[in-house]
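Visitor: Please take me through one part of this protein in close detail. Then set that part in the whole.

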Amino acid sequence: YHKFPFEIDQLVMDRGMVSADVVDHVRNVFGDNWLLLAKQQHVLKELVDETPEQEINFVENIDYLQELTERPNAIVVPIKDEQETDDTQRVFLTDLDLDDIDPSSLNYQYRRRKRIESSIGIIKEMMPETRSSKIEVRYFLLSIGILFHNCLKLMNESLSPILTARDIDIS
């Protein structure tokens, strides 16, 4: 496995990543510090159905993904104030203990992951293309893409150097 030139605090994954192979790989790289939004199916659907809508439910070693030798924990959290979904609850898989999780922050962490994915899409468009398989070259070009993305964000989100906030009429 590659050593990352940066530190990753926690890996947050979407439901499209649910498989025993992915979970095993993530465990090898990140240990317990991962969170995966799971599809509400099979035993997880039953767990969501039995959890009252505004309650949090935590189950250790849930019998999901039979190919796994070590069972993950599942946590059901209510979804509040989100327009992008009709669901009222989300279920996450993780190896973290309930003591290590702030259940109220899980939806925020998941939404934050989605914003990061949008930025990654923009960075990919700005990143110079390469056919090199050298990790150093790919990392350098990724850094250039990030630099371009940050310049674009700065230009789009900064006030004009000519106008000040007092000069702008927002009425």
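Guide: Ile146 sits in helix H4, residues 135–157. Helices are DSSP runs of H or I with at least four residues, strands are runs of E with at least two, and both are numbered from the N terminus. This is a predicted model: local features need pLDDT of at least 70, side-chain atom pairs count only at pLDDT 80 or more, and totals for chains, interfaces and linings use all residues. Residues are numbered from 1 along each chain as its sequence is written, and side-chain values use heavy atoms, with hydrogens and water left out.

H4 has 23 residues. From first C-alpha to last, H4 reaches 32 Å, close to the 33 Å expected at 1.5 Å a residue. That expected span is 1.5 Å times one less than the number of residues.

Ile146 is partly exposed, at 34% relative accessible area. Buried means under 20%, exposed over 50%, partly exposed in between (1.4 Å probe, protein chains only).

Leu141, Gly145 and His149 of H4 are buried. The buried residues of H4 pack against helix H3 (106–126), with contact meaning heavy atoms within 4.5 Å.

Now the whole. The protein has four helices and five strands. They run β-α-β-α-β-β-β-α-α from the N terminus. Of its 171 residues, 30% are buried.
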